[in-house]
Amino acid sequence: MHRRARRERGSLRGTLIRLSGGLAVVLALLILTAVAGTIIATRDYRDTGLRAERRQTAANQLLIDLLDAETGNRGYVLTAGGDYLTPYTQARKRYPDDLARLYELVQGDEDLERSADTVDVRAQLWFSEAVELIRLRRQGQVGDARERLGQGQARERFEAFRTAYADLADGLRASSQRSISNADRQRALTIAAVILTAFLALAMVIIASRQLWRRVGGPVRLLALGVGRVTRGRLSDPVPASPQAVRELSELTDGFNTMQRQVSQQRDAVTAAARREATQKTERRLWETVQNGLLPTRLPGYAGFRVAARYRPAERSLLIGGDFYDAVVLSDGRLAVMVGDMAGHGAPAAAQAAGLRFGWRTMVAVDPDPGRVLAALNAQMAQQELRREGLFASVLYALIDQDGVGLVAPAGHPPPIVVGRQGCRVVATPEPGPLLGVVDE
């Protein structure tokens, strides 16, 4: 029986020699199809991803331009500070180039071109209102400029731009999805071609010998199906073992399953790392965008005092918190200090916190009286839309003389702590006023 089995294996060897030419041609076609299909599919996915990323980056830059311009315009109208015109001027100068870059990237897509046209129309309407506000302020018509700003036309036009931008972002996502679907169809055709060529090779083996099929063809077919699943990204289904397979094919199946498990584990690890890196990059970009609005770039010097601050979000995973602070030396020589906490975390809370900080700076420059300053900040927060979102803030405002005597005005904020040689003590303050934004007055 042992000799007989050896003779049968020998006939398999002879059959393989006779079929080597035909199999070489078929396998060459299989390899060329797989390589060409993989290159085409990979190129399509890469081009789709790069195009989507560039389009989104260009659209985001338009939003950044308008945000910078809106902040600078509002600050200049309220305070007439020349520093506020710098971001407005720079953003307005960048805007045409950024818009041209977006048009170039969406050229050929009629829906995206229309969305870009709408975004530009809304932006130009806001710019026209901003120019009028600056003109009034420069001509000394401060009351008219502030009254016009208070009427909210600039805010309505800016919100219209934000809505148009949101529609554009939705269109970009839809366009990217369509491109990915086309790439998926191309990949499916490639996989079909690979499987068709593999079945042709298996058919030649079946015709040669039934024994060859049972001992070689069957296991090879299972391996081919496994390769097809891997090509489609399915790495969780192992190739089943064939009891009639020759030893080499049995070892090959085990090795393939081991390799598939390792590749699956490595892919999952790479995917998780890529997601973490993308999340961290997004958070860093968001932090770099808003941190200048939340925190002062530097704290002022004050005779006899050292002004210092440390900022750290409550959770390590957050790069943006709702806390904010500021300090400024007034024209009468007093030091004005403010610490606040906005309810919530992330970009919405940070945006409102930045608005409170700029509002505080504006008010103390005009009238540092604690009651009037906190009343103005409360009016800034007492908006129905902010209440619906659950946004409110606590603020502690202090005025300190050069001799160390100061006034402390809390609005829903814990009292301050004085650290001295004899230890720490809580500063006795009057009963704090309500949180900013909770009541109308």
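**Cores, salt bridges and a surface patch**

Beyond its neighbours within four places in sequence, Trp 126 is in contact with Leu 66, Ala 69, Glu 70, Asn 73, Tyr 88, Ala 154, Arg 157 and Phe 158 (contact: heavy atoms within 4.5 Å). The model is predicted: local features need pLDDT of at least 70, side-chain atom pairs count only at pLDDT 80 or more, and totals for chains, interfaces and linings use all residues. Residues are numbered from 1 along each chain as its sequence is written, and side-chain values use heavy atoms, with hydrogens and water left out.

Trp 126 belongs to the largest nonpolar core, which has 35 residues. A nonpolar core is a set of buried Ala, Val, Leu, Ile, Met, Phe, Trp, Tyr and Cys residues joined through side-chain atoms within 4.5 Å. Buried means under 20% relative accessible area, exposed over 50%, and partly exposed in between (1.4 Å probe, protein chains only). The residues with the most contacts inside this core are Leu 66, Tyr 88, Tyr 95, Leu 102, Trp 126, Phe 127 and Leu 168. Two or more residues each come from α1, α2 (82-106), α3 (110-138), α4 (142-150) and α5 (153-208). Helices are DSSP runs (H or I, at least four residues), numbered from the N terminus. The most, ten residues, come from α3. Another core lies apart, with 24 residues, including Phe 324, Ala 349, Tyr 397 and Ala 409.

Salt bridges number 16 (a side-chain nitrogen of Lys or Arg within 4 Å of a carboxyl oxygen of Asp or Glu). One of them joins Arg 178 to Asp 109, with the closest N and O atoms 3.5 Å apart. Arg 178 lies in helix α5 and Asp 109 in the loop between α2 and α3, so the pair ties together parts 69 residues apart in sequence. Asp 109 is buried, at 13% relative accessibility. Arg 178 is partly exposed, at 42%.

Arg 155 and Glu 159 form another salt bridge, at 3.2 Å between the closest N and O atoms. These two residues are four apart in helix α5, so about one helical turn separates them. Glu 70, Arg 74, Arg 155 and Glu 159 are linked in a salt-bridge network. Asp 367 and Arg 372 also meet in a salt bridge (2.5 Å, N to O).

On the surface, Ile 31, Val 35 and Ile 39 form a nonpolar patch, with about 290 Å² of accessible area together. Patch residues have over 30% relative accessible area and no salt bridge; nonpolar side chains (Val, Leu, Ile, Met, Phe, Trp, Tyr) are joined within 5 Å, like charges within 9 Å. Areas come from the Shrake-Rupley method with a 1.4 Å probe; for residues, only the protein chains shown count as cover. Ile 39 is found in helix α1 (residues 2-79). Ile 39 is exposed, at 54% relative accessible area.
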